[in-house]
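Hi,

Here is the structure for you to look over. My findings follow below it.

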Amino acid sequence: MAGRQALKTWTVSELNNVVSALKPLVGLRLQEVLTSIQDVVLGFYSANGMLWLWIDLNAISPSLLPWTDLPLRPQLKKTPLHLFLRAHFVDRVLRDVHVLDDQGRVVTLSFGKALDPEPLTLELRLFPHGRNLLARAHGKNISWQKPGSMPPALDHHFKGEQTRSLDQLREEWLAQKA
């Protein structure tokens, strides 16, 4: 593993910057879902082609990165989560994406058609050793792994020496995946 360095865990500030970069996805329709052992990749249709959201559920450094082109092809694996997402989320419009401020590194994506009484939600828990994706639709729930209790968000989660840019986070992530 010489030359390969683990991706440093994201700060809440870095996650907030990434979530801000996801705002252009709001209003786009989810067209494609790809899953592998530790990745969930969502493809959104836009007038300029597909836009991708890569959710990496790595145990030490989970991440969430937007891409205009897929940087890698995940080794596909059909899972119950994959089937649930295809059945309930594909062809739905992303309505909102935000960080749950009181939870630390937890992101919620809300989907639905304009007339849906209750939005469909994906909750992304992006903290080490607690990473997970929880999908909720029409009173049904499924998760990537059995959900544990939420640890409290501590002060050090909100502080960081230096906030890395989206491009820096992408470069580090690609180096880790290589």
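From the N terminus on, the order of elements is α-β-β-β-β-α-β-β-β-β-β-α. That makes three helices and nine strands. Please keep in mind that this is a predicted model.

Some overall figures. The protein has 178 residues, and 45% of them are buried. Take the contacts between residues at least 6 apart in sequence: 53% of these join residues at least 24 apart. The exposed surface comes to about 9,400 Å². Carbon and sulfur atoms supply 52% of that area.

Now helix α2, which spans residues 80-88. Its buried residues are L81, H82, F84, L85 and H88. They sit on the same side of α2, because they cover an arc of only 165° around the axis. The general rule behind such a pattern: an α-helix has 3.6 residues a turn, so residues three or four places apart point the same way. On the other side of α2, the exposed residues are P80, L83 and A87.

What do the buried residues of α2 pack against? Their partners are β1 (29-35), β2 (39-46), β7 (120-125), β8 (132-137) and β9 (140-143).

Last, the pockets. The largest pocket has a volume of about 200 Å³. Its lining consists of S36, I37, Q38, D39, W54, L72, R73, P74, Q75, L76, K77 and K177. Sorted by class, the lining holds five nonpolar, three polar and four charged residues.

Best wishes

Key. Residues are numbered from 1 along each chain as its sequence is written. This is a predicted model: local features need pLDDT of at least 70, side-chain atom pairs count only at pLDDT 80 or more; totals for chains, interfaces and linings use all residues. Side-chain values use heavy atoms; hydrogens and water are left out. Helices (H or I, at least four residues) and strands (E, at least two) are DSSP runs, numbered from the N terminus. Buried means under 20% relative accessible area, exposed over 50%, partly exposed in between (1.4 Å probe, protein chains only). Contact means heavy atoms within 4.5 Å. Accessible areas come from the Shrake-Rupley method with a 1.4 Å probe; for residues, only the protein chains shown count as cover. The arc is that of the directions from the helix axis to the C-beta atoms. On a 1 Å grid over the protein atoms alone, a cavity is a set of points where a 1.4 Å probe fits but cannot get out, and a pocket is an open set with protein on both sides within 12 Å along at least five of seven lines; lining residues have an atom within 4 Å of a point. Grid points are joined across faces, edges and corners, and a volume is the space filled by probe spheres set on the points. Ala, Val, Leu, Ile, Met, Phe, Trp, Tyr, Cys and Pro count as nonpolar, Asp, Glu, Lys and Arg as charged, and the others, Gly among them, as polar.
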